[in-house]
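The sequence and the structure come next, and the description follows them.

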There are 2 protein chains.
Amino acid sequence: MFTRSVAHRIPLRAFKRWAHTTPTMNYRSVTEEDVAHFAKILAPSSVLSTLAPVSTPASELSIYNNDWMNKYHGKSTTVLRPKTTKEVSEIVKWCNERRIAIVPQGGNTGLVGGGVPIIDEVILNLGNMNKIRSFDPVSGIIVADSGCVLEAMSEYLVPHHYIMPLDLGAKGSCQIGGNVSTNAGGLRLLRYGSLHGSVLGLEVVLPDGTILDQLSTLRKDNTGYDLKQLFIGAEGTLGVVTGVSILSAPAPNASSNVMLALPKYENVLPLFREVKRQLSEILSAFEFIDRRAYELAVKHGQGRALNDEDVEGAECFVLVETSGGKREHDEEKLNTLLESLMEADEPLINTGVLSQSPLQFSQLWAIREGITEAVSKEGKAYKYDISIPVASFKTVVDTTRDHLQSKGLLRDDAVKHVVGYGHVGDGNLHLNIVAAEYSPEIESALEPFVYELVQSYKGSVSAEHGIGVMKTHALQYSKNATSIDLMRRIKTLFDPNGIMNPGKVLP
Amino acid sequence: MFTRSVAHRIPLRAFKRWAHTTPTMNYRSVTEEDVAHFAKILAPSSVLSTLAPVSTPASELSIYNNDWMNKYHGKSTTVLRPKTTKEVSEIVKWCNERRIAIVPQGGNTGLVGGGVPIIDEVILNLGNMNKIRSFDPVSGIIVADSGCVLEAMSEYLVPHHYIMPLDLGAKGSCQIGGNVSTNAGGLRLLRYGSLHGSVLGLEVVLPDGTILDQLSTLRKDNTGYDLKQLFIGAEGTLGVVTGVSILSAPAPNASSNVMLALPKYENVLPLFREVKRQLSEILSAFEFIDRRAYELAVKHGQGRALNDEDVEGAECFVLVETSGGKREHDEEKLNTLLESLMEADEPLINTGVLSQSPLQFSQLWAIREGITEAVSKEGKAYKYDISIPVASFKTVVDTTRDHLQSKGLLRDDAVKHVVGYGHVGDGNLHLNIVAAEYSPEIESALEPFVYELVQSYKGSVSAEHGIGVMKTHALQYSKNATSIDLMRRIKTLFDPNGIMNPGKVLP
């Protein structure tokens, strides 16, 4: 039953390719006996189930069964919200022995369906595990339950003059365990690096219920294989992250930003080099916005910060942010940068608008952050979150547009815009194709075209969103057969019964 | 034969503990037939063997069979120095099919014997693979053969205004593949983080000869398990790293340092907090030196940078380094810091000596870097490279000294000094016990005492040196049974025949 239901989501080609290694798995549905057991080992408020003896109304399970975009839908009868690692361990052990599938769930803010059930898995929601376990104000190392909300952790750190090394739009809902399990990137990656560097330790309940305690608070530890790394980005398919030890960063005392207008696309790369050279350690963001993306943001209510003169003749824009220890120093560096850019013989920029107040700082960011909303107001968007070498950003946007043109699809009632924006500093391009309506014709023109294009640059089909259930069929474009085979063997090693988040990550 | 020889290096207790899971392995020695095969697939200069048909004089193999400290000794008959990844693959495949053990070898600069043979493994020396494969001056991503010497990579980057994210004393000899395989820490970790964050991709020849190409040049890639992380710090036991993609950092324009004298040990932590807060993003080193370590450095020819007045009444010292984009800014920040420290009601420091020239900069560093040499001139040193919470540095040094005192060993003809120094910023303490002579009495007083002490702080018995062959018996003090069991299963998954660097890392 289950296997077939997963299979129908996977295009035939991809499915065939891996069918020979996909084990036949039979999961058991949760029974009243199971619910009675869970009710015995957990607090009453920790068990939601439409089954007796608990008999929760089905409507109360809806927020757990569906993702926030209402794109992925599960039919789980049972949601468990344990309060301790030991409870998680007991649940997992029970499920493993009975071949009941589990989907670990954090804040349910993912974009690829990794945290919602496919069929009727037990939903193991970590939201009740939300304590800060310890914080060392000297080292900046914070240890927390995996259900801690990212913003709550950030707020906890404020009086200590530290910040979390990651920041996301979803910070008010997303949980640190989910951040780790999806290897969340976000806005601070350019400055503070990925979670593979800043996560110092994890506590994980393995698929057989064993608690793997690697909750180290050490910055350096060279005693064997760094197993915790496997769980960072595994999207809950290798175990349930229950605790996280993470290195926070000293809070910057000052932040500034400037929006630069560029006469041509080709200047982005030399500009990035120059900005990195001059701003060095205070550079905290370098965001790219092409002209069409900018215009959409303005059209739909963002970006009154630049006047027409600033915009005129600009092919694209770059938002530069600095964060540093001393405002005067940072502003001096930014001013020197702007002067040297404007006074060059062949200036890389037409103009630059430097924020002069917290309000202006926010207004400049609003242009960049408003693109997502503007795109969705303009039409139906096909969104690709890809990593490619920075040098190829322009080519990928142009090639996609040309391809749609050659198919006769670049017209008002089909594809209206092909826009590019994103984190140049991280090599992460958001390629958005804005159409009047979703249509099979556009979709088949885009896929596998875009994935093959990404593959030709040895890029990633998912820079930061993960694979989840949405992109399992596209994994092959970024991971070769040797890698996928090894991933599968690792999965089998950790989870021989395949109970942990089946149908996710691996095709 | 082999198994027994390994076993004698492992204390009985540790050996017993793991004996039930240690597979009985029978490696084949290299034969003339094997050498003839290697001579056929490799260039003549790539094959050194005392066996026919090559018949190299045994003396020429000495530098490969012995480590640089002359502490670990192998009896390999054959050294292979391939020039391409394909050659590495063919060698490994041949050896795997014939159950010939392999020790991958980089610059042979390790401290724990991880890169030298135990018996007569084939030595796979990567020194002939020393090409920079690519460099992107925009992103700063450099891709290189694993045999590239670290210093050569650093020099390659100079004209591009980038620096390698790691720096080691051994940089003139160590190779990037060895750095990755040992997860080398070094002097820049505080600033640029660990290799788990800065290594973006690897090319690895797996133990069956398959080439795993994950040589990504992407900063962000969330497409499944991050397998490359397993090879970072695996010391060549899971495969042979043949290529490395790594993120270099923009070169700082200026560096300064200051030596601070502290009236008491307890001030180190509040000082570290204050320095982090004030210097923020320009702080690049915070090194701790206790009084006895300082005096040994001075006694043996280092450290004329401080006068008697500066030193008087100091219980310990801290060397602070800054690296930043603009000298005036950095010096202003350092001066402000020093003023605020001196003018405080209860000053954390007695005095601070700020370097005023490149010469003085080097002289201050010479005190810190001279300790190792001074300790070896003073007597026989038992060296422990441990990670513990920063707050416990003093306690661990004191507890060790008290313990030796209680055993009656703290006397001129036994233990002369117990000194502590190291990277406070990384939580990495070098605990050195300086004795008149090595003696079984001192050794049994120290071990497992020190390891158990480290374990009681959930610390690491090897912060940066690795496990190699030296510390396999001590692994259990930093890794619990669940972790070691998983490590063993990962090892078996990758290397079922156990040919890759046997006897290293896992007990």
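In chain B, helix 17 (residues 393–406) packs on helix 19 (residues 449–456) at an angle of about 145°, and their axes are 11 Å apart. Axes here are lines fitted to C-alpha atoms, for helices over the stretch in contact, with angles from 0 to 180 degrees between N-to-C directions. Helices (H or I, at least four residues) and strands (E, at least two) are DSSP runs, numbered from the N terminus. The crossing of helix 17 and helix 19 of chain B is right-handed; a crossing counts as left-handed if the near helix is turned anticlockwise from the far one by less than a right angle, and as right-handed if clockwise. Helix 17 of chain B contributes V396(B), T399(B), T400(B) and H403(B) to the contact, and helix 19 of chain B contributes F449(B), V450(B) and L453(B). Contact means heavy atoms within 4.5 Å. By class, this contact of helix 17 with helix 19 of chain B has four nonpolar, three polar and no charged residues, where Ala, Val, Leu, Ile, Met, Phe, Trp, Tyr, Cys and Pro count as nonpolar, Asp, Glu, Lys and Arg as charged, and the others, Gly among them, as polar.

The model is predicted: local features need pLDDT of at least 70 and side-chain atom pairs count only at pLDDT 80 or more, while totals for chains, interfaces and linings use all residues. Residues are numbered from 1 along each chain as its sequence is written, chains are lettered from A and ligands numbered from 1 in the order in which they are written, and side-chain values use heavy atoms, with hydrogens and water left out.

In chain A, helix 17 and helix 19 pack at an angle of about 145°, with axes 11 Å apart. Their crossing is right-handed. The buried residues of helix 19 of chain A are F449(A), V450(A), Y451(A), L453(A) and V454(A); buried means under 20% relative accessible area, exposed over 50%, and partly exposed in between (1.4 Å probe, protein chains only). These buried residues pack against strand 16 (380–387), helix 17 (393–406), strand 18 (428–435) and helix 18 (440–446) of chain A. Just after helix 19 of chain A, K458(A) has a positive phi of about 55°.

Over all chains there are 20 aromatic pairs. Rings of Phe, Tyr and Trp (its six-membered ring) pair if their centres lie within 6.5 Å; planes under 30 degrees apart count as stacked, over 60 as edge-to-face and the rest as tilted. Two of the pairs are tabulated.

| Pair | Centre to centre | Angle between planes | Class |
|---|---|---|---|
| Y265(A) and F288(A) | 5.2 Å | 50° | tilted |
| Y384(A) and Y451(A) | 5.9 Å | 85° | edge-to-face |

Y384(A) lies in strand 16 and Y451(A) in helix 19 of chain A, so their pair ties together parts 67 residues apart in sequence. Both Y384(A) and Y451(A) are buried. Y265(A) is buried at a relative accessible area of 10%, and F288(A) is buried at 1%.

K394(A) lies over the face of Y265(A), 5.1 Å from the ring centre. A charge sits over a ring if NZ of Lys or CZ of Arg is within 6 Å of the ring centre and within 35 degrees of the ring normal. In chain B, the charged end of R98(B) sits over the ring of W94(B), 3.3 Å from its centre.

D167(B) is in the loop between strand 7 (162–163) and helix 7 (176–181) of chain B. D167(B) is buried, with a relative accessible area of 12%.
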